[in-house]
Amino acid sequence: MHRLFSKKDINDNENSKTIKDKLNKYSLSRSLQKNINMLKKEILTHDDTVIYRKLKNNDESIEFCLVFIDGMTNREVINQNIIWTLMNKEFDCKDRHLISYIREQVVVADDIQETDDISKILDSMLYGDSILFVDGYNK
């Protein structure tokens, strides 16, 4: 198992600035596949603890990817409160409000944050949070 960054690296004051500076060159794309490739091939290379779970809603109109670190999240909670809900929900909202709709009406979780900052995304993953990417959105 290889990791590009660890919790200690990101939170260590001396290393933190250097790592965060390196991460500044990355930005999220509206393409789900580009975001997955960026994480897999450029940032979290050779890290077999990171799980990438691609899924679509019930009419296959929206594609998602849930990213989390195996062993740091509760898979049962993820399966019941996020994956099952996303796959079985009928989305009846306008495209520009999809992220807000998912955050407010679909995903059952106590703390949902929206960001396009790669450093914050990685920090959250290292603390056991799951990251949800939606095709067509860069947040």
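Reader: Is E104 buried or exposed?

Author: In this predicted model, the side chain of E104 meets that of R103 in a salt bridge, with 3.6 Å from N to O. R103 has a relative accessible area of 28% and is therefore partly exposed. For E104 the relative accessibility is 54%, and because exposed means over 50%, E104 counts as exposed.

Reader: Which parts of the chain does the pair of E114 and K139 tie together?

Author: The side chains of E114 and K139 meet in a salt bridge at 3.7 Å, N to O. These residues are 25 apart in sequence, so the pair ties together the loop between α5 (98–106) and α6 (118–126), where E114 lies, and the segment after β3 (131–134), which holds K139.

Reader: Which residues are joined with E114 and K139 into one network?

Author: Salt bridges that share partners make this network, and the structure holds five salt bridges. Besides E114 and K139, the residues joined in the network are R103 and E104.

Reader: How far apart are the closest N and O atoms of E63 and K54?

Author: E63 is partly exposed, with a relative accessible area of 23%, and K54 likewise counts as partly exposed, at 39%. The two form a salt bridge, and their closest N and O atoms lie apart by 3.4 Å.

Reader: Which residues gather with D59 in a patch of negative charge?

Author: D59 lies in the loop between β1 (50–56) and β2 (63–69), and its relative accessible area of 53% makes it exposed. Gathered with D59 in this patch on the surface are E60, E90 and D92.

Technical notes:
Residues are numbered from 1 along each chain as its sequence is written. This is a predicted model: local features need pLDDT of at least 70, side-chain atom pairs count only at pLDDT 80 or more; totals for chains, interfaces and linings use all residues. Side-chain values use heavy atoms; hydrogens and water are left out. Patches are made of residues with over 30% relative accessible area and no salt bridge: like charges are joined within 9 Å, nonpolar side chains (Val, Leu, Ile, Met, Phe, Trp, Tyr) within 5 Å. Accessible areas come from the Shrake-Rupley method with a 1.4 Å probe; for residues, only the protein chains shown count as cover. A salt bridge is a side-chain nitrogen of Lys or Arg within 4 Å of a carboxyl oxygen of Asp or Glu. Lys and Arg count as positive and Asp and Glu as negative; His and the chain ends are not counted. The place of a charge is taken as NZ of Lys, CZ of Arg, CG of Asp or CD of Glu. Helices (H or I, at least four residues) and strands (E, at least two) are DSSP runs, numbered from the N terminus. Buried means under 20% relative accessible area, exposed over 50%, partly exposed in between (1.4 Å probe, protein chains only).
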